[in-house]
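Okay, everyone, thanks for coming. Let me put the model up on the screen, and then I'll walk you through it.

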Amino acid sequence: MIVRMNNRRTLTDAPILDAAYGRTPSRRPVWFMRQAGRSLPEYREVRKDIGMLDSCFRPELLAEITMQPVRRHDVDAAILFSDIVVPLKAAGVNLDIVPGRGPVMDTPVRSEADIKALPEVTEEQLAPVAEGIGLILQELNDTQALIGFAGAPFTLASYLIEGGPSRNHERTKALMHSDPELWDHLMQKITPMVIAFLRAQIGAGVDAIQLFDSWAGYLTERDYRRFVLPYSKEIFQAVADAGIPRIHFGVGTGELLGAMAEAGPEVMGVDWRVPLDVAANRIRATLSDVHRGADPAENSLALQGNLDPAILFAGEDAMTQEIQRICSEADRAIKRGDARGHIFNLGHGVLPNTDADAITRAVEIIHAT
């Protein structure tokens, strides 16, 4: 049953929401990062000759792309077709997504003047995204959640400072340490843009949100806590009143899981490098230290993850074995009280050359496990 409150749906039997809140889902929920994308022939067809960012601002197209994997794979959630640089583009920052490379800025942001020149994003500029969300909600059924997302300030800052993707993030780290005050000014400029982007999605009716900090794994825990955590925490606090699950995820963040959990999500995404039961133990240990004397239930979060995307190329037997192992690790963490629930996902995004039929079969195996 769906009860509508303005644009918000109240879903009474959506497995992903049940798992996120520690309830017992009707089946083990699963969705995949980058499930809407180049692995699907229908995606390649519908986006032919249309730029990535242009696609993100066409409501009917972004809705169609978002729904394609839900129709094909029977996943338990749609993930909004968008990109972490969409709020920057919407605000008027000169950038583009270059095929084979990623987001590239016309002019890097490296000075106080550059930071001051960054525009703010408005609700009107994000209206096409909100319109697309409305179209998606018309097609989803009462078991399927819609997940909105945004890039975390650190990852956006790295793109702005480096001028595009970076192997080492040397300019970003150098700015952090050489001029911490300037770094804080940049983060204080980006953070409201991220909040505005998430609030626009929440206002349009998404059922959960995920904050991606794609490059946080390049940082030490010390640097993460000083230069990143306060701003990610501010974002999670700013959307807390929405009353929907908040997911946090980064790549290569095994050593940061506890610190990232302090930002305030209900769900922690884990990449494929760390077993889920180990990840849950790290998260609970950190939160127990932070929440001394509080309700022990506050010290465990739901887990999301964490199949290596390459396993989808390995054949059904190997895929089944790995899925069962991951589910067992998650169930063990839940039984111990180290985790509240489990949402199956990859440890990062679907790789472009993945066989779409392998994804569909993986979903069937996960639902049966």
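**A walk through the model**

Let's start with residues 29-38: the chain there is 0% helix and 0% strand, and the end C-alpha atoms sit 23 Å apart. Helices here are DSSP runs of H or I with at least four residues, strands are runs of E with at least two, and both are numbered from the N terminus.

Quick housekeeping. This is a predicted model, where local features need pLDDT of at least 70 and side-chain atom pairs count only at pLDDT 80 or more, while totals for chains, interfaces and linings use all residues. Residues are numbered from 1 along each chain as its sequence is written, and side-chain values use heavy atoms, with hydrogens and water left out.

Why that stretch? UniProt, in an unreviewed entry, puts the feature "domain: Uroporphyrinogen decarboxylase (URO-D)" at residues 29-38 and 147-163. The UniProt positions follow the numbering used here, feature names are shortened, and annotations may be inferred rather than shown by experiment. Over residues 147-163 we get 59% helix and 29% strand, with the end C-alpha atoms 28 Å apart.

Now zoom out. How many helices and strands are in the protein chain? There are 16 helices and 11 strands. Along its principal axes, the C-alpha trace spans about 55 × 50 × 45 Å.

Is Val-363 buried or exposed? Val-363 counts as buried, because its relative accessibility is 1%. Leaving aside neighbours within four places in sequence, Val-363 is in contact with Val-30, Phe-32, His-73, Asp-74 and Val-75. Phe-32 is 331 residues away along the chain, yet the C-alpha atoms of Val-363 and Phe-32 are separated by 9.5 Å.

Then there's Ser-232, which you'll find in helix H12 (residues 229-238). Ser-232 has a relative accessible area of 1%, so Ser-232 is buried. What does Ser-232 touch, not counting residues up to four places away in sequence? The list is Ala-152, Pro-153, Leu-211, Asp-213, Tyr-224, His-248 and Ala-263.

That's my tour, so over to you.

Terms used: Buried < 20%, exposed > 50% of the residue type's maximum accessible area, 1.4 Å probe, protein only. Contact = heavy atoms within 4.5 Å.
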